[in-house]
Amino acid sequence: VDIDPGTGVYTALGATQDAKVTISSKLPGAGVTVDVTVKKDSDNSVVSSSSVTTSISPLTVTISNLSPGVVCTATFTVTSKTTATNSATKSFKIARK
């Protein structure tokens, strides 16, 4: 995920933020599902969620409904459409400025 700040908090400048998901291994013929869930750290409530099926990489997904000063955790899960047990998950902190 191209905006992953590592151990810090990524600062979004607006209510929405694009993120590029790059899959470095060969994609299965049936493609993959990319699930994105963003939850507030304070109460674990869902701020934004989306699911996209694709057979191309990279893929741009949009995180939405970010509120100023609210720290959230964005979780990206990529799952093979061919083998459901073949998946990878990446999480990071994000907050709107």
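Colleague: Which side chains of strand 5 point to one face and are buried, and which point to the other?

Modeller: In this predicted model, Leu59, Val61 and Ile63 share one face of strand 5 (residues 59-63) and are buried.

Colleague: What makes the Lys93 and Asp41 contact a salt bridge?

Modeller: Their side chains meet at 2.7 Å, N to O. The cut-off is 4 Å between a Lys or Arg side-chain nitrogen and an Asp or Glu carboxyl oxygen, so this pair qualifies. The structure holds one salt bridge. Lys93 lies in strand 7 and Asp41 in the loop between strand 3 and strand 4, so the pair ties together parts 52 residues apart in sequence.

Colleague: Why is Lys93 called partly exposed?

Modeller: Its relative accessibility is 32%. Buried means under 20% and exposed over 50%, so Lys93 falls in between. Asp41, with 36%, is partly exposed by that reasoning too.

Colleague: And Asn86, which residues is it in contact with, leaving aside its neighbours within four places in sequence?

Modeller: Those are Val78, Thr79 and Ser80; contact means heavy atoms within 4.5 Å. Asn86 itself is placed in the loop between strand 6 and strand 7.

Conventions
Residues numbered from 1 in each chain as written. Predicted model: local features only at pLDDT ≥ 70, side-chain atom pairs only at ≥ 80, totals over all residues. Heavy atoms only, no water. Buried < 20%, exposed > 50% of the residue type's maximum accessible area, 1.4 Å probe, protein only. Helix = DSSP H or I, 4+ residues; strand = E, 2+ residues; numbered from the N terminus.
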